[in-house]
Amino acid sequence: MTALHSINQDDLRNHNLSVIIDTILRSPTALSRADLAKATGLTKATMSLLAGLLIRNRVVREEEPETSQSSHGRPSTPLSIAYGRWAGLGLQINTDGYGCLAMDLDGTLIDSAWVKDDMHEAEPDLVFAELEKLAKPIERKLSRRHYRTVGSGLALPGLVGGDTTLLMARNLGWERLDLQEFPLVRRLAPRVGNEARLAALAQIPGYAAQRPAGGHEGPLSPTDSFIYISTDIGIGGAVVRRGAVETGDHGFAGELGHASVDLNGPTCRCGRRGCLETYAGRRALVEAADIATGAEAVTPQAMEELYQRWQQGDAKAVDAIDRGLDAMISVIASAINIVDVDTVILGGFWSHFGGNLAQRLQDRLNQLTLGRDAVDIRVLIPSQADYPALKGAALVGLRRFIDDPLDFFED
(Lines give C-alpha, C1' and ligand atoms only; values in the text may rest on other atoms or scores of the structure.)
Protein backbone atom coordinates (compact mmCIF):
# COMPACT_ATOMS: atom_id res chain seq x y z
CA MET A 1 0.00 0.00 0.00
CA THR A 2 1.39 3.42 -0.97
CA ALA A 3 2.17 5.66 2.01
CA LEU A 4 0.22 8.90 2.19
CA HIS A 5 2.29 12.04 1.80
CA SER A 6 1.78 14.39 4.73
CA ILE A 7 2.08 18.16 4.53
CA ASN A 8 3.83 19.70 7.52
CA GLN A 9 3.51 23.27 8.71
CA ASP A 10 6.63 24.44 6.88
CA ASP A 11 5.29 22.98 3.60
CA LEU A 12 2.04 24.84 4.08
CA ARG A 13 3.74 28.07 5.11
CA ASN A 14 6.12 27.85 2.15
CA HIS A 15 3.18 27.37 -0.22
CA ASN A 16 1.24 30.28 1.26
CA LEU A 17 4.27 32.59 1.09
CA SER A 18 4.81 31.63 -2.54
CA VAL A 19 1.16 32.39 -3.36
CA ILE A 20 1.37 35.80 -1.66
CA ILE A 21 4.58 36.77 -3.51
CA ASP A 22 3.09 35.59 -6.80
CA THR A 23 -0.07 37.63 -6.21
CA ILE A 24 1.91 40.80 -5.48
CA LEU A 25 4.14 40.32 -8.53
CA ARG A 26 1.21 39.85 -10.90
CA SER A 27 -0.78 42.82 -9.63
CA PRO A 28 -0.38 46.15 -11.48
CA THR A 29 -1.17 48.00 -8.23
CA ALA A 30 0.06 47.70 -4.65
CA LEU A 31 -2.16 45.50 -2.47
CA SER A 32 -2.98 45.84 1.23
CA ARG A 33 -3.06 42.89 3.63
CA ALA A 34 -6.85 42.84 3.30
CA ASP A 35 -6.58 42.85 -0.51
CA LEU A 36 -4.12 39.97 -0.38
CA ALA A 37 -6.26 37.98 2.01
CA LYS A 38 -9.22 38.33 -0.34
CA ALA A 39 -7.16 37.49 -3.44
CA THR A 40 -5.44 34.42 -1.93
CA GLY A 41 -8.24 33.07 0.28
CA LEU A 42 -6.05 33.22 3.39
CA THR A 43 -7.46 34.46 6.68
CA LYS A 44 -6.57 37.95 7.80
CA ALA A 45 -4.71 36.55 10.80
CA THR A 46 -2.59 34.26 8.63
CA MET A 47 -1.97 37.07 6.19
CA SER A 48 -0.81 39.38 8.97
CA LEU A 49 1.71 36.80 10.23
CA LEU A 50 3.07 35.98 6.77
CA ALA A 51 3.23 39.63 5.73
CA GLY A 52 5.34 40.32 8.81
CA LEU A 53 7.70 37.51 7.77
CA LEU A 54 8.00 38.93 4.25
CA ILE A 55 8.71 42.42 5.59
CA ARG A 56 11.39 41.18 8.00
CA ASN A 57 13.13 39.34 5.17
CA ARG A 58 12.92 42.38 2.86
CA VAL A 59 10.74 40.73 0.26
CA VAL A 60 8.04 43.37 0.56
CA ARG A 61 7.87 46.83 2.05
CA GLU A 62 5.05 48.96 3.41
CA GLU A 63 4.10 52.02 1.42
CA GLU A 64 2.35 55.14 2.66
CA PRO A 65 -1.17 54.36 3.98
CA GLU A 66 -4.06 54.99 1.59
CA THR A 67 -6.04 57.92 2.96
CA SER A 68 -8.08 58.85 -0.11
CA GLN A 69 -10.40 55.83 -0.26
CA SER A 70 -12.38 56.27 2.91
CA SER A 71 -12.67 58.64 5.84
CA HIS A 72 -13.79 55.82 8.18
CA GLY A 73 -11.54 53.44 10.04
CA ARG A 74 -7.83 52.85 9.84
CA PRO A 75 -6.37 53.53 6.38
CA SER A 76 -4.96 50.47 4.62
CA THR A 77 -1.22 50.14 4.10
CA PRO A 78 -0.25 48.85 0.63
CA LEU A 79 2.56 46.31 0.30
CA SER A 80 4.94 46.28 -2.64
CA ILE A 81 8.04 44.31 -3.61
CA ALA A 82 11.15 45.61 -1.84
CA TYR A 83 14.24 46.65 -3.78
CA GLY A 84 17.85 45.69 -3.16
CA ARG A 85 17.75 42.25 -1.55
CA TRP A 86 16.87 39.40 -3.95
CA ALA A 87 18.43 38.93 -7.40
CA GLY A 88 18.34 36.44 -10.26
CA LEU A 89 21.26 35.91 -12.63
CA GLY A 90 20.67 35.29 -16.33
CA LEU A 91 23.23 33.73 -18.70
CA GLN A 92 22.96 33.21 -22.43
CA ILE A 93 25.00 31.79 -25.28
CA ASN A 94 23.54 32.56 -28.68
CA THR A 95 24.62 32.51 -32.31
CA ASP A 96 25.60 36.19 -32.18
CA GLY A 97 27.35 36.32 -28.81
CA TYR A 98 27.01 35.66 -25.10
CA GLY A 99 25.96 37.65 -22.06
CA CYS A 100 25.00 37.96 -18.43
CA LEU A 101 22.23 39.93 -16.69
CA ALA A 102 21.23 40.49 -13.06
CA MET A 103 17.65 41.42 -12.18
CA ASP A 104 16.04 42.50 -8.93
CA LEU A 105 12.80 40.88 -7.76
CA ASP A 106 11.11 44.27 -8.24
CA GLY A 107 11.95 44.11 -11.97
CA THR A 108 14.89 46.52 -11.90
CA LEU A 109 17.82 45.70 -14.17
CA ILE A 110 20.82 45.72 -11.82
CA ASP A 111 23.58 45.16 -14.39
CA SER A 112 24.19 43.44 -17.71
CA ALA A 113 26.94 42.73 -20.21
CA TRP A 114 26.89 41.31 -23.73
CA VAL A 115 29.74 40.38 -26.06
CA LYS A 116 28.87 40.36 -29.75
CA ASP A 117 30.66 37.61 -31.64
CA ASP A 118 30.12 35.01 -34.34
CA MET A 119 29.63 31.86 -32.29
CA HIS A 120 29.39 29.40 -35.19
CA GLU A 121 31.75 26.47 -34.50
CA ALA A 122 33.14 28.22 -31.40
CA GLU A 123 34.82 25.90 -28.88
CA PRO A 124 32.42 25.24 -25.96
CA ASP A 125 35.21 25.24 -23.34
CA LEU A 126 36.39 28.67 -24.46
CA VAL A 127 32.88 30.11 -24.66
CA PHE A 128 31.89 28.98 -21.16
CA ALA A 129 35.20 30.26 -19.79
CA GLU A 130 34.60 33.68 -21.37
CA LEU A 131 31.03 33.72 -20.09
CA GLU A 132 32.33 33.08 -16.58
CA LYS A 133 34.74 36.02 -16.92
CA LEU A 134 31.80 38.18 -17.95
CA ALA A 135 29.64 37.02 -15.05
CA LYS A 136 32.17 37.41 -12.24
CA PRO A 137 32.19 41.28 -12.13
CA ILE A 138 28.38 41.31 -12.06
CA GLU A 139 28.36 38.77 -9.24
CA ARG A 140 30.87 40.91 -7.29
CA LYS A 141 28.63 43.93 -7.80
CA LEU A 142 25.68 42.01 -6.37
CA SER A 143 27.77 41.02 -3.37
CA ARG A 144 28.93 44.58 -2.74
CA ARG A 145 25.32 45.76 -2.77
CA HIS A 146 24.35 42.99 -0.33
CA TYR A 147 22.08 41.15 -2.75
CA ARG A 148 21.26 37.49 -2.27
CA THR A 149 21.52 35.72 -5.61
CA VAL A 150 18.72 33.18 -5.35
CA GLY A 151 19.22 31.36 -8.63
CA SER A 152 20.34 31.53 -12.21
CA GLY A 153 19.21 30.45 -15.65
CA LEU A 154 21.10 29.64 -18.83
CA ALA A 155 19.56 30.14 -22.29
CA LEU A 156 20.94 28.06 -25.17
CA PRO A 157 19.85 27.95 -28.84
CA GLY A 158 19.06 24.26 -29.08
CA LEU A 159 17.42 21.22 -27.53
CA VAL A 160 18.10 20.82 -23.82
CA GLY A 161 17.62 17.51 -22.04
CA GLY A 162 16.89 18.19 -18.38
CA ASP A 163 19.25 20.67 -16.75
CA THR A 164 22.45 18.87 -17.66
CA THR A 165 22.63 18.06 -21.37
CA LEU A 166 22.59 20.15 -24.53
CA LEU A 167 21.40 17.58 -27.04
CA MET A 168 22.10 19.77 -30.05
CA ALA A 169 22.58 23.36 -31.09
CA ARG A 170 23.21 22.99 -34.81
CA ASN A 171 23.71 26.70 -35.47
CA LEU A 172 26.57 26.65 -32.95
CA GLY A 173 27.90 23.34 -34.23
CA TRP A 174 27.45 21.76 -30.77
CA GLU A 175 26.00 18.34 -30.03
CA ARG A 176 25.72 16.09 -26.97
CA LEU A 177 27.34 18.44 -24.47
CA ASP A 178 27.37 17.41 -20.82
CA LEU A 179 26.97 20.88 -19.33
CA GLN A 180 28.32 19.68 -15.98
CA GLU A 181 31.75 19.59 -17.60
CA PHE A 182 31.96 23.38 -17.42
CA PRO A 183 33.05 25.01 -14.14
CA LEU A 184 30.51 27.84 -14.55
CA VAL A 185 27.62 25.36 -14.67
CA ARG A 186 28.92 23.35 -11.71
CA ARG A 187 29.40 26.53 -9.66
CA LEU A 188 26.08 28.28 -10.35
CA ALA A 189 23.86 25.25 -11.10
CA PRO A 190 21.67 27.27 -13.49
CA ARG A 191 18.37 26.02 -14.79
CA VAL A 192 19.10 25.48 -18.46
CA GLY A 193 16.51 26.06 -21.16
CA ASN A 194 15.94 26.67 -24.83
CA GLU A 195 16.33 30.37 -25.66
CA ALA A 196 12.91 30.69 -27.29
CA ARG A 197 11.12 29.31 -24.25
CA LEU A 198 13.03 31.55 -21.88
CA ALA A 199 12.33 34.54 -24.15
CA ALA A 200 8.64 33.63 -23.99
CA LEU A 201 8.76 33.69 -20.18
CA ALA A 202 10.10 37.24 -20.37
CA GLN A 203 6.85 38.31 -22.08
CA ILE A 204 4.63 37.17 -19.20
CA PRO A 205 3.86 40.09 -16.85
CA GLY A 206 4.70 39.24 -13.25
CA TYR A 207 6.14 35.81 -14.04
CA ALA A 208 9.03 36.22 -11.58
CA ALA A 209 9.52 39.98 -11.17
CA GLN A 210 7.17 42.84 -10.33
CA ARG A 211 4.68 43.64 -13.06
CA PRO A 212 4.98 47.24 -14.34
CA ALA A 213 2.62 49.51 -12.44
CA GLY A 214 0.12 52.21 -13.36
CA GLY A 215 -0.37 53.09 -17.00
CA HIS A 216 2.04 50.47 -18.36
CA GLU A 217 -0.30 47.52 -18.58
CA GLY A 218 0.86 46.35 -21.99
CA PRO A 219 -1.12 44.07 -24.28
CA LEU A 220 -0.70 40.88 -22.20
CA SER A 221 -2.04 39.81 -18.84
CA PRO A 222 -0.24 37.30 -16.56
CA THR A 223 -2.61 34.51 -17.58
CA ASP A 224 -2.75 35.06 -21.35
CA SER A 225 -1.99 32.34 -23.89
CA PHE A 226 0.22 32.97 -26.92
CA ILE A 227 2.73 31.60 -29.39
CA TYR A 228 6.17 33.17 -29.22
CA ILE A 229 8.37 33.10 -32.33
CA SER A 230 12.10 33.65 -31.83
CA THR A 231 13.78 34.57 -35.11
CA ASP A 232 17.51 34.69 -35.75
CA ILE A 233 19.83 32.46 -37.79
CA GLY A 234 17.59 29.70 -36.56
CA ILE A 235 13.94 30.00 -35.62
CA GLY A 236 12.59 28.81 -32.31
CA GLY A 237 9.20 28.92 -30.73
CA ALA A 238 7.21 28.41 -27.56
CA VAL A 239 3.58 27.89 -26.70
CA VAL A 240 2.39 29.66 -23.54
CA ARG A 241 -0.92 28.48 -22.08
CA ARG A 242 -2.51 30.65 -19.38
CA GLY A 243 0.81 32.09 -18.28
CA ALA A 244 2.84 28.85 -18.34
CA VAL A 245 5.14 27.54 -21.06
CA GLU A 246 4.08 24.17 -22.44
CA THR A 247 7.27 22.13 -22.55
CA GLY A 248 5.95 18.80 -23.77
CA ASP A 249 6.86 15.38 -22.37
CA HIS A 250 10.57 15.78 -23.11
CA GLY A 251 10.98 19.56 -23.05
CA PHE A 252 11.03 20.04 -26.83
CA ALA A 253 7.59 21.54 -27.50
CA GLY A 254 7.28 24.63 -29.68
CA GLU A 255 10.05 23.93 -32.23
CA LEU A 256 8.25 25.79 -35.03
CA GLY A 257 11.47 26.52 -36.89
CA HIS A 258 11.66 22.87 -37.89
CA ALA A 259 8.12 22.53 -39.13
CA SER A 260 8.43 21.73 -42.82
CA VAL A 261 6.96 24.15 -45.34
CA ASP A 262 8.00 22.04 -48.33
CA LEU A 263 9.25 18.44 -48.09
CA ASN A 264 11.18 19.03 -51.32
CA GLY A 265 12.62 22.34 -50.15
CA PRO A 266 16.18 23.27 -49.10
CA THR A 267 18.06 20.98 -46.73
CA CYS A 268 18.01 22.25 -43.17
CA ARG A 269 20.86 21.87 -40.67
CA CYS A 270 18.58 19.52 -38.70
CA GLY A 271 18.69 17.06 -41.62
CA ARG A 272 15.13 17.58 -42.88
CA ARG A 273 14.06 19.50 -45.95
CA GLY A 274 12.01 22.67 -46.29
CA CYS A 275 12.01 23.69 -42.62
CA LEU A 276 10.73 27.18 -41.80
CA GLU A 277 14.31 28.11 -40.83
CA THR A 278 15.47 27.56 -44.44
CA TYR A 279 13.06 30.27 -45.64
CA ALA A 280 12.73 32.72 -42.75
CA GLY A 281 15.98 32.37 -40.79
CA ARG A 282 18.42 35.27 -40.94
CA ARG A 283 21.08 33.37 -42.93
CA ALA A 284 18.47 32.09 -45.41
CA LEU A 285 17.06 35.58 -46.00
CA VAL A 286 20.48 37.19 -46.56
CA GLU A 287 21.50 34.45 -48.99
CA ALA A 288 18.17 34.58 -50.84
CA ALA A 289 18.58 38.35 -51.25
CA ASP A 290 22.02 37.68 -52.81
CA ILE A 291 23.80 39.82 -50.21
CA ALA A 292 26.27 37.29 -48.81
CA THR A 293 26.80 33.56 -48.35
CA GLY A 294 28.31 31.27 -45.74
CA ALA A 295 29.85 32.88 -42.67
CA GLU A 296 29.41 36.36 -44.15
CA ALA A 297 25.65 35.86 -44.29
CA VAL A 298 25.29 35.81 -40.50
CA THR A 299 27.17 39.02 -39.73
CA PRO A 300 25.36 42.07 -38.32
CA GLN A 301 26.47 44.01 -41.40
CA ALA A 302 24.68 41.56 -43.70
CA MET A 303 21.52 41.81 -41.62
CA GLU A 304 21.59 45.60 -41.76
CA GLU A 305 22.18 45.49 -45.51
CA LEU A 306 19.13 43.25 -45.95
CA TYR A 307 16.99 45.62 -43.92
CA GLN A 308 18.15 48.68 -45.87
CA ARG A 309 17.63 47.03 -49.26
CA TRP A 310 14.17 45.90 -48.22
CA GLN A 311 13.28 49.46 -47.18
CA GLN A 312 14.57 50.75 -50.53
CA GLY A 313 12.44 48.27 -52.45
CA ASP A 314 15.28 46.14 -53.82
CA ALA A 315 13.59 43.33 -55.77
CA LYS A 316 15.66 40.45 -54.39
CA ALA A 317 15.40 41.66 -50.79
CA VAL A 318 11.63 42.19 -51.09
CA ASP A 319 11.18 38.74 -52.65
CA ALA A 320 13.26 37.09 -49.91
CA ILE A 321 11.21 38.77 -47.17
CA ASP A 322 7.92 37.94 -48.92
CA ARG A 323 8.90 34.26 -49.28
CA GLY A 324 9.99 34.14 -45.65
CA LEU A 325 6.76 35.79 -44.56
CA ASP A 326 4.69 33.28 -46.56
CA ALA A 327 6.55 30.43 -44.88
CA MET A 328 5.95 31.89 -41.44
CA ILE A 329 2.27 32.42 -42.17
CA SER A 330 1.92 28.78 -43.21
CA VAL A 331 3.59 27.42 -40.08
CA ILE A 332 1.99 29.85 -37.61
CA ALA A 333 -1.50 29.32 -39.03
CA SER A 334 -1.06 25.56 -38.60
CA ALA A 335 0.23 26.06 -35.05
CA ILE A 336 -2.77 28.25 -34.17
CA ASN A 337 -5.13 25.62 -35.54
CA ILE A 338 -3.40 22.95 -33.43
CA VAL A 339 -3.00 24.74 -30.08
CA ASP A 340 -5.94 27.21 -30.31
CA VAL A 341 -4.52 30.55 -29.17
CA ASP A 342 -5.29 34.01 -30.52
CA THR A 343 -2.00 35.86 -29.90
CA VAL A 344 1.37 35.64 -31.64
CA ILE A 345 4.47 37.48 -30.41
CA LEU A 346 7.11 38.05 -33.07
CA GLY A 347 10.53 38.31 -31.46
CA GLY A 348 14.12 38.52 -32.62
CA PHE A 349 15.33 39.48 -36.09
CA TRP A 350 11.90 39.76 -37.73
CA SER A 351 10.66 42.21 -35.10
CA HIS A 352 13.01 44.86 -36.51
CA PHE A 353 10.95 45.04 -39.72
CA GLY A 354 8.30 46.90 -37.76
CA GLY A 355 4.58 47.14 -37.28
CA ASN A 356 3.62 47.19 -40.96
CA LEU A 357 5.06 43.73 -41.52
CA ALA A 358 3.44 42.48 -38.30
CA GLN A 359 0.13 43.85 -39.59
CA ARG A 360 0.56 41.95 -42.86
CA LEU A 361 1.21 38.80 -40.90
CA GLN A 362 -1.84 39.43 -38.72
CA ASP A 363 -4.12 40.11 -41.69
CA ARG A 364 -3.08 36.92 -43.47
CA LEU A 365 -3.45 34.78 -40.35
CA ASN A 366 -6.97 36.10 -39.84
CA GLN A 367 -7.81 34.93 -43.36
CA LEU A 368 -6.29 31.45 -42.99
CA THR A 369 -6.98 30.11 -39.49
CA LEU A 370 -9.93 27.78 -39.07
CA GLY A 371 -11.57 29.82 -36.33
CA ARG A 372 -11.41 33.08 -38.29
CA ASP A 373 -15.18 33.65 -38.03
CA ALA A 374 -15.06 33.54 -34.23
CA VAL A 375 -11.53 34.57 -33.22
CA ASP A 376 -9.41 37.60 -34.10
CA ILE A 377 -5.71 36.77 -34.22
CA ARG A 378 -3.35 39.51 -33.07
CA VAL A 379 0.37 39.73 -33.81
CA LEU A 380 2.48 41.69 -31.34
CA ILE A 381 6.05 42.93 -31.39
CA PRO A 382 7.68 43.05 -27.93
CA SER A 383 8.20 46.56 -26.61
CA GLN A 384 11.58 45.45 -25.23
CA ALA A 385 13.02 43.31 -27.99
CA ASP A 386 16.69 43.21 -26.93
CA TYR A 387 17.94 39.99 -25.32
CA PRO A 388 14.59 38.63 -24.07
CA ALA A 389 16.05 35.14 -23.46
CA LEU A 390 18.72 36.66 -21.21
CA LYS A 391 16.01 38.38 -19.19
CA GLY A 392 14.03 35.14 -19.14
CA ALA A 393 17.07 33.30 -17.79
CA ALA A 394 17.30 35.78 -14.89
CA LEU A 395 13.58 35.33 -14.23
CA VAL A 396 14.06 31.56 -14.07
CA GLY A 397 16.65 32.21 -11.37
CA LEU A 398 14.22 34.42 -9.43
CA ARG A 399 11.51 31.79 -9.78
CA ARG A 400 13.53 29.49 -7.53
CA PHE A 401 13.04 31.96 -4.70
CA ILE A 402 9.35 32.52 -5.41
CA ASP A 403 8.62 28.78 -5.42
CA ASP A 404 10.54 28.06 -2.18
CA PRO A 405 11.00 31.28 -0.22
CA LEU A 406 11.59 29.58 3.14
CA ASP A 407 14.81 28.04 1.78
CA PHE A 408 16.26 31.57 1.67
CA PHE A 409 14.83 33.15 4.81
CA GLU A 410 16.88 33.74 7.92
CA ASP A 411 13.94 33.27 10.30
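**Ground rules.** This is a predicted model, so I keep local features to pLDDT of at least 70 and side-chain atom pairs to pLDDT 80 or more, while totals for chains, interfaces and linings use all residues. Numbering starts from 1 along each chain as its sequence is written, and side-chain values use heavy atoms, with hydrogens and water left out.

**Sheet 7-8-9.** I take helices (H or I, at least four residues) and strands (E, at least two) as DSSP runs numbered from the N terminus, and I call two strands paired if DSSP finds at least two bridges between them. I found an open sheet of three strands in the order 7-8-9, with antiparallel pairing. Its edges are strand 7 (159-161) and strand 9 (174-178), each pairing on one side only. From one strand to the next the twist averages 10 degrees; the axes are lines fitted to C-alpha atoms, for helices over the stretch in contact, and angles run from 0 to 180 degrees between N-to-C directions.

Strand 8 (residues 165-169) joins strand 9 over four antiparallel bridges. I picked out two partners: Met168 goes with Glu175, and Leu166 with Leu177. The two strands make a hairpin with four residues between them, and Gly173 in that turn has a positive phi of about 80 degrees.

**Helix 3.** Does the span of helix 3 (residues 44-56) agree or disagree with 1.5 Å a residue? It agrees: 13 residues should span 18 Å, and the end C-alpha atoms are 18 Å apart. The expected span is 1.5 Å times one less than the number of residues. Buried here means under 20% relative accessible area, exposed over 50%, partly exposed in between (1.4 Å probe, protein chains only). The buried residues in helix 3 include Met47, Leu50 and Leu54. They pack against helix 1 (9-26), helix 2 (33-40), strand 1 (60-62) and strand 2 (79-81), with contact meaning heavy atoms within 4.5 Å. Just after the helix, Arg58 has a positive phi of about 60 degrees.

**Helix 10.** I ran the span check on helix 10 (residues 315-339) too: 25 residues reach 36 Å from first C-alpha to last, close to the 36 Å expected. At its start, a side-chain oxygen of Asp314 comes within 3.2 Å of the backbone nitrogen of Lys316. A polar contact is a pair of N or O atoms within 3.5 Å; within protein, one must be able to donate a hydrogen and the other to accept it, and residues adjacent in sequence count only if both atoms are side-chain atoms.

**Arg197.** I found Arg197 in helix 6 (residues 195-201), buried at 7% relative accessibility. Its side chain reaches the backbone oxygen of Ala253 at 2.3 Å.

**Asp224.** This residue lies in the loop between helix 6 and strand 11 (226-231) and is partly exposed at 22%. Its side chain reaches the backbone nitrogen of Ser221 at 2.9 Å.
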